[in-house]
Structure formats: C-alpha cells, structure tokens
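Visitor: Could you walk me through this one? I'd like to start with the strands.

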Amino acid sequence: RDFCLSRGLGDVYKRQHLCCAMALIGSLAMTEIYAQQTIVACNGKTYKQGDTLVVGKPASSGYLYMRSVDGQGSLSPVYERDIVGSKMIITSVPEYDKKLYESMGIYEQPETPQIVMAEGEGKHFCISLNGALTSGNIMSDYMPSAVEGAVDLTPSILYVYALKLYQTAVDEKVIDRYASLCVPEEFEQASADPFALEEIRKTYQAKLLQELEKADFSKVFRLKCLSELQQYDMNKGCFPLSGFSCADVKTKQQKDLSKLGYCLWEECAFHFTNTSYFTSLPVDKARAKGFYDMRKYARVPAYDKPVATLYVYVKFKKEPVKLPEQKIMVYSKGQNFDFSWSTLNKAYGKKALNMDIVRIDGYNDLLPYVNGEVTYNYLGSVAL
C-alpha cells in the first residue's frame with residue numbers, strides 16, 4: 001500500500017510539474033504573440049515591429065498624438081518642430097494597459113491594438129497611431145513629389161518667359177518690374193533712394209539678361225494647386241477633380257481674363273491648355289478606401305468636401321497668345337491710381353502664356369495644411 005501510495009503521489013507531482021511547464025510555455029507563447037502584434041490602422045495599412053514611420057506636421061500646440069518616453073517610462077508632450085520628416089522605427093506594439101491608453105487619450109479598451117512604441121532621433125516615443133495618421137502627426141503614404149530638373153514656378157520666372165516669347169526689349173521699366181518681382185520689399189525701399197535704385201537696377205539687369213539667355217521652353221516647372229475631390233468612381237478607379245486653383249497666387253484676378261481661363265499672377269497670366277486630359281486622379285481602391293476610413297475616424301462631417309493638394313508639372317508653349325480686342329478698364333499703380341481704357345489684348349496679350357500639363361501628383365490633407373511641402377497622404381499620379 002505504501003508503495004502504491006508513493007506511486008500515486010508521484011503521478012500527482014508529475015501532473016503538477018507538467019501543468020506548470022505548460023503554463024510557462026503558454027506564458028512565453030503569449031509574450032511572443034504580444035511582441036509580434038500588428039496594428040491595422042484606419043488608413044488600411046498594417047503596421048508592425050520594425051516598420052518605419054515618417055514624422056509629419058504638429059498642430060500649433062504640438063504633436064497631439066505623440067509622447068516622448070524617458071528612461072523611467074514617463075510620458076511627456078512633444079513640442080519640437082524640427083523633427084518633421086524624420087524617421088522612426090516601431091520597436092513594439094504593447095498589450096493593452098489601462099493607464100498607458102488613458103495617458104494617450106484612449107479611455108475605453110479597444111478591440112485591437114492602437115498604440116505603438118517607436119524610436120528615432122535618439123529618443124523613444126509612444127504614438128496613438130490612428131490619431132497620429134488622421135492629424136498628420138505621422139505621414140500616411142509618404143511620397144515626395146518631384147520631376148527631374150523641375151523647379152517651382154514664380155512670378156519672376158513667368159515674366160522672363162513672357163519677355164522671351166514676345167521678344168520684349170529690356171529697358172529701364174522692364175528691369176524695374178523684374179526687380180520688383182524678385183525682391184519686392186528691397187525694391188520698394190530702393191525706390192526712395194536714387195543711388196540704391198541705380199545699384200539694384202545694375203544687379204537685376206545683369207540677372208535678367210542671364211535668365212533670358214538660359215530660358216528653355218522644354219524645361220518643366222511645378223505649381224502647387226488645390227482641387228475639390230468628387231466622389232470616388234468605383235468603376236474607373238479615380239477621384240474626379242473640379243478644376244485647378246493655384247495655392248500660391250494671391251493676385252486679384254481680372255474677370256475678363258478669368259472668363260477665358262487665364263490666371264493672373266502679378267505681372268503675367270497663364271492658362272492650362274490641356275486640362276481635358278487631367279479631369280480625374282487615378283487612385284487604387286485600397287488607398288481610396290483608406291482615405292474614406294481616415295475621414296470616418298477623424299469624424300470629418302459629410303458636408304466638409306475633401307480638397308486635394310496637386311503638384312502640377314507644366315511646360316510653356318512656345319506660341320504667342322492672341323487675346324480678344326474687347327475694351328477693358330486698366331490702371332497703373334503709382335502715387336495716384338491712373339485709370340484708362342484699353343483692350344484685353346493690348347493690356348495682357350504680351351504677358352500671357354499657355355502651358356501644357358505633363359504630370360500631376362495628388363495628396364489629401366485631412367487637416368487644412370496649406371503652407372509648405374505636402375509629402376503625406378499621397379493619393380495618386382497621372383501623366384501624359
């Protein structure tokens with residue numbers, strides 16, 4: 001009996017050791033599962049340990065959905081503005097922790113993970129990923145827009161190409177106008193001092209002649225434009241666009257020019273001649289679905305129509321523009337406003353340029369960031 005009892009106790013001990021071993025294995029397995037957790041974010045992309053995040057723009061009060069983590073694990077707000085564009089590596093997707101989630105503004109336990117830990121710039125960060133994506137704190141579908149050799153179009157560049165196209169003589173008036181387009185504040189100050197004015201005229205006469213010599217009608221220029229996105233076309237796989245509004249043009253528009261499709265930018269006017277080829281922006285369905293899901297997560301109201309930031313690449317057409325000879329009222333700005341009658345062609349005919357669009361890259365800002373380069377929330381591109 002004693003022998004039998006000893007065998008029975010031995011079996012019990014074995015079963016206990018086996019249960020403990022299984023529990024330990026189970027615990028290690030769960031730890032491994034947590035270490036390998038992924039987040040399916042509101043933009044439809046899956047994020048996991050080792051993935052790279054690109055830092056976007058902060059709000060005026062800082063990065064609302066990011067916290068820095070010190071050596072003791074304490075979280076602090078992130079206010080730095082020099083980390084835009086820096087890269088962070090996801091180090092882990094932590095399991096749910098009530099205190100951690102509430103410190104990141106998530107007060108109910110979500111069904112799936114929402115927070116990632118990341119490191120970059122020699123620091124550690126805790127990021128509420130969906131909020132960071134929809135606010136622009138973290139870039140979604142990061143892609144800089146670029147075409148080899150292209151430069152941003154400016155009023156002074158427009159003026160140079162208009163002078164070259166129409167073979168306008170370079171006199172003092174032309175030099176003054178060019179200088180005022182290049183350095184408006186400096187030229188205005190120099191205008192009150194004849195010696196400073198003579199010096200600035202010499203400088204910008206040389207610069208203008210040099211730019212006229214270099215002007216090449218095969219060169220590509222870039223414009224930053226805005227366009228309202230219409231409802232996604234499921235059959236064609238694209239967002240229809242509603243025209244192009246140049247984001248950098250602050251010049252008051254001349255209504256008769258606008259009716260003809262010309263945009264007045266300081267001294268000169270430009271017109272896109274082939275917009276019929278660029279009435280929509282191709283976007284694959286997965287990315288388009290992510291676009292709508294991000295808007296839902298951010299609770300963007302339905303009446304708030306989405307606006308796309310478009311980088312429009314163009315070439316000047318080497319052909320003079322003939323505008324109608326209709327009479328218009330024009331004025332020249334001096335010490336007094338001098339109004340006179342002229343014709344549309346006489347006033348703007350030799351300052352108007354036609355352009356062909358060669359490529360468009362489209363982005364969407366869920367928040368109305370207008371200034372600066374847009375490299376995130378990339379939607380799609382279209383080119384001839």
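This is a predicted model: local features need pLDDT of at least 70, side-chain atom pairs count only at pLDDT 80 or more; totals for chains, interfaces and linings use all residues.

Visitor: Which residue in S8 is the bridge partner of Ala 118?

Guide: Phe 125.

Visitor: And what is the strand order in the open sheet?

Guide: The order is S3-S6-S7-S8-S4-S5, six strands with antiparallel pairing. Strands S3 (52–54) and S5 (75–78) stand at the edges. Each has a single partner strand, so one side of each lacks a neighbour in the sheet. From one strand to the next, the twist averages 40 degrees.

Visitor: Switching to packing. How many residues are in the largest nonpolar core?

Guide: It has 66 residues. Those with the most contacts inside it include Leu 153, Leu 158, Phe 270 and Met 355. Helix H4 (residues 155–165) gives the largest share, eight residues.

Visitor: What is Leu 158 in contact with, leaving aside neighbours within four places in sequence?

Guide: Leu 153, Trp 265, Cys 268, Phe 270, Phe 316, Leu 353 and Met 355. There is also a second, separate core of 22 residues, and Ala 118 is one of them.

Visitor: Now helices. At what angle do the axes of H5 and H7 cross?

Guide: At roughly 90 degrees, and they come within 9 Å. H5 and H7 are therefore roughly perpendicular to each other.

Visitor: Which residues meet there?

Guide: From H5 (residues 172–182), they include Ile 175, Tyr 178 and Cys 182. From H7 (residues 194–214), Arg 201, Tyr 204 and Leu 208 are among them. By class, the contact has seven nonpolar, one polar and five charged residues.

Terms used: Residues are numbered from 1 along each chain as its sequence is written. Side-chain values use heavy atoms; hydrogens and water are left out. Axes are lines fitted to C-alpha atoms, for helices over the stretch in contact, and angles run from 0 to 180 degrees between N-to-C directions. Helices (H or I, at least four residues) and strands (E, at least two) are DSSP runs, numbered from the N terminus. Angles under 35 degrees count as roughly parallel, over 145 as roughly antiparallel, 65 to 115 as roughly perpendicular and the rest as oblique. Contact means heavy atoms within 4.5 Å. Ala, Val, Leu, Ile, Met, Phe, Trp, Tyr, Cys and Pro count as nonpolar, Asp, Glu, Lys and Arg as charged, and the others, Gly among them, as polar. Two strands pair if DSSP finds at least two bridges between them. A nonpolar core is a set of buried Ala, Val, Leu, Ile, Met, Phe, Trp, Tyr and Cys residues joined through side-chain atoms within 4.5 Å. Buried means under 20% relative accessible area, exposed over 50%, partly exposed in between (1.4 Å probe, protein chains only).
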